[in-house]
Amino acid sequence: MRAVRERLVALVLALTTTGVLVTGCGDPKVSAEQGAQDTESSRAQVEEAMREVADVVAGVGLRLGKLTGGWSVCTAEPPSMEYDAGGGGEPGELSPAEMIAQVTDALKTAGWTVENAGTEPRPYGVLTRDDLRASVGESRRYPGHVTVGVVGPCIDTAREQDALLGETYDVS
Amino acid sequence: MTVTIDVPPSQPAEVVRPEGDPGGADTLAEALHTASGRYEEFSDETARIQWIGGWYGDAADAYREATAEAGEEHAAMARTVERVGRAVTAYADTLRDLLRTYEEQVDRKEALDARRSALIADINAATEATPDVVAALRERATELRDDYAELVTDHDDLQRRVREAEDLLRQSFQAGTSLDRALADDGGVPQSAQDALSRRGAPGSEATPEQVHDWWLGLSEAEREAVVSSYPELIGSADGLPASVRDDANRVVLDDDLATLGSKRDDGTLSPTEERVLANAEQARQALEDADAFEDPITGERPGGLLHLYDPGAFDGDGRVAIGVGDLDTADDVAIFTPGITTTMDDTTSYTGQMINLYEATRYNGDGSSVATLFWLGYDAPDAFYDPATATEGRAEDGGRRLADMVDGLRASRPDDPAHLTAIGHSYGSTTTSYAAGDFDLAADDVVLIGSPGAGPADHADDFSVGADNVYVGRDSRDIVAVLGDEGWVGKGPVGLGTDPSSDDFGATRFEAEDVDRADIRNWGDAHSSYLHHDSESLYNIGLIVDGHGDRVNVAEHSYDPWYDFARDPEWDREPSSGVQGESRTRENRMVP
């Protein structure tokens, strides 16, 4: 019993000093109103960036089809989500790998920073701009097609934003 | 020479559509649930008005007796109407299935008739009846006859199921028609359901999961429908039954709760306890809608959601729930995720979202095998860090036992087709999982501990039922909770919940799990909660393990403990990645062709 008490006291002390007990581990960090405002703002930011990216890649011959977006969970406790949007198309006369390299270069020219790029095990490019992340790669679902996407940062939410999950948005 | 080729007649003459409208049945069920709620409200009210201050004597006694009796009768009536309402809900679900089967049979008959017409045309067009041509035409006629015969058999089966479903609903209504029967404990329960439940191996009779499985196999289709609609709580939590059956039963109870408590909310008569149950039910509904809408990243098909466990009033309102993404009855690879402290049913939607992430990651980087992921909150997780239960590990031990039982149930439900099964525990849930694997012989193939404050009873990965080679650990170097485990004597006392499983002494395989947006200091926020975040190293590696390829994870160096100093984590200085193929890419960009 004494060992248990010592362990409990030590645990409480350790977590108090790190702030865990101040707010509670799983509680939402924001109000429902703040969560609604922040998610709306993040979605708008990502969609605008995605449309810009679609224009840039069209310049190197990749015409993305319909652009769509949606939310996914970052963390369950406290709740947070991120919004991503994307689209894909055929690379024309280029191979997917060649088109992925060209898209990566074009986005770099448009102000994005290449964080990672490579060809193994599949060709890809990862780029960042402010707190957005863009990616380009070959589709697994539609082989031979090249897809491009933009994802925003994780946004703190309240339970009221749970209803956003499972929705698909038309970004075009 | 005349050659005869027997062309089979078109059969059955007509594919008979099951009568009835599932939507209408749903409306009736909702009305019955609302009525049940009204009876309940009356019963609650009689309890409230039984004692009138300052009124004593014979008349007061008679009044109290009368109100008590009226309250009991209305409570009994509420239960019976509720049972009948559930039977109608189950009937609506069955009718939907039957109508789908009917549509399939209509399509099959159209296709067969088209083949028949083509055959007749080819026979009439044949000018040279060579032996080869005749043989080919006869073979087509034989195949057509066989296919018609199969359709006739299936059509007969459909009509039998229609009759059985209607008969079951009739029995449910009749079991509650007289006042005496309506007020009885088994009001609204058909005799066939009562008989089935009295057989050996039935759930609730201390039967093992294997016995429950055999009991289920011994029931007729009609008896199965009867027990699902009459005893949905029992069937919905019975280890050993197919996950699809548990899902059917739990959805009946969920629909009931949403309708009954929803009507009480509309009336303004919800108690605080009921309010919490309704909130839990709404979380389960939202989570199921998300799981049902999710599309497989490779095939685009919807693997569907499963309500594997549903008990929204359990653990003082925290609730017990398990939501699956994918088909637990058939998936090649099954992952079961156990969350940690502070988790309640209020978090169901978020955790189901993480199960969708895990499913997606496993399939995206997978070998093509089918996948199912399950969020399992089947134990009473401590309420907070300062909850004494957090430090005593009692909840972890109890949860470990429950987790091992649940996995035994999954194993028993598909004895001839065992899945590759991975148990994943996060935070305090990793200690719970450690108890399951260390003390209760968890029947998993692989164990993954993430953000672990300690491995509970296990000093070494060898102590786990899966063996050290199948124990994997993910720890973000900035995760404050994951450094609480005992990894040395310098710097902290007996803080955590057992040995730090990421340490070299423990003997598990540690995989890369750094968050690309990690902070400069240890924290309990993103660092502790991002292990299933898309395009993270952690989710990438966990997906490989779930897919059965733990040997391909990107291995991280263990933390270690110099005797003269604090424990060290070599991952602290490594640059993490996000979205990199072969390291941290876990999903497909969105695309509509």
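Colleague: What percentage of the 593 residues in chain B is buried?

Modeller: Happy to start there, with a word on the source: this is a predicted model, where local features need pLDDT of at least 70 and side-chain atom pairs count only at pLDDT 80 or more, while totals for chains, interfaces and linings use all residues. Residues are numbered from 1 along each chain as its sequence is written, and chains are lettered from A and ligands numbered from 1 in the order in which they are written. A residue is buried if 20 or more other C-beta atoms lie within 10 Å of its own, exposed if 12 or fewer, and partly exposed in between, with C-beta atoms placed from the backbone. By that count, the buried share of the 593 residues in chain B is 52%.

Colleague: How many helices and strands does chain B have?

Modeller: Helices (H or I, at least four residues) and strands (E, at least two) are DSSP runs, numbered from the N terminus. The C-alpha trace that carries them spans about 100 × 95 × 45 Å along its principal axes. For chain B the tally is 16 helices and eight strands.

Colleague: How far apart are the centres of domain 1 and domain 2 of chain B?

Modeller: The bounds come from an automatic or database domain assignment, which gives 22-193 for domain 1 of chain B and 271-573 for domain 2. Taken over C-alpha atoms, the separation of their centres is 38 Å.

Colleague: At what angle do the axes of α6 and α13 of chain B cross?

Modeller: Axes are lines fitted to C-alpha atoms, for helices over the stretch in contact, and angles run from 0 to 180 degrees between N-to-C directions. The axes of α6 (residues 209-217) and α13 (residues 394-413) of chain B come within 8 Å. On the α6(B) side the contact is made by B:Pro209, B:Glu210 and B:His213, and on the α13(B) side by B:Asp408, B:Gly409, B:Ala412 and B:Ser413. The crossing angle is roughly 35°.

Colleague: Which residues of α7(B) are buried?

Modeller: Helix α7 (residues 221-230) of chain B is mostly covered, with seven of its 10 residues buried. Those buried residues pack against α2 (58-125), α3 (131-174), α5 (191-197), α8 (232-236) and α9 (243-267) of chain B. They are B:Glu223, B:Glu225, B:Ala226, B:Val227, B:Val228, B:Ser229 and B:Ser230.

Colleague: Is B:Glu537 buried or exposed?

Modeller: B:Glu537 lies in helix α16 (residues 537-546) of chain B. Leaving out residues up to four places away in sequence, B:Glu537 touches several others, among them B:Glu512, B:Asn554 and B:Pro576. Because 29 other C-beta atoms are within 10 Å, B:Glu537 is buried.

Colleague: Is B:Thr342 buried or exposed?

Modeller: B:Thr342 sits in the loop between β3 (333-338) and α11 (348-364) of chain B. Its phi is positive, about 75°, although B:Thr342 is not a glycine. Most residues other than glycine have a negative phi. Since B:Thr342 has 23 C-beta neighbours inside 10 Å, it counts as buried.

Colleague: And as what does B:Asp441 count?

Modeller: B:Asp441 is in the loop between α14 (428-439) and β6 (446-450) of chain B, and it has a positive phi of about 55° although it is not a glycine. With 13 C-beta neighbours inside 10 Å, B:Asp441 counts as partly exposed.

Colleague: Last one, on chain A: which peptide bond is cis, with omega near -5°?

Modeller: Chain A comes to four helices and eight strands, and the loop to look in is the one between β3 (113-118) and β4 (124-129), where A:Pro121 is found. The cis bond with omega near -5° runs from A:Glu120 to A:Pro121.

Methods
Two residues are in contact if their C-beta atoms, placed from the backbone, lie within 7 Å.
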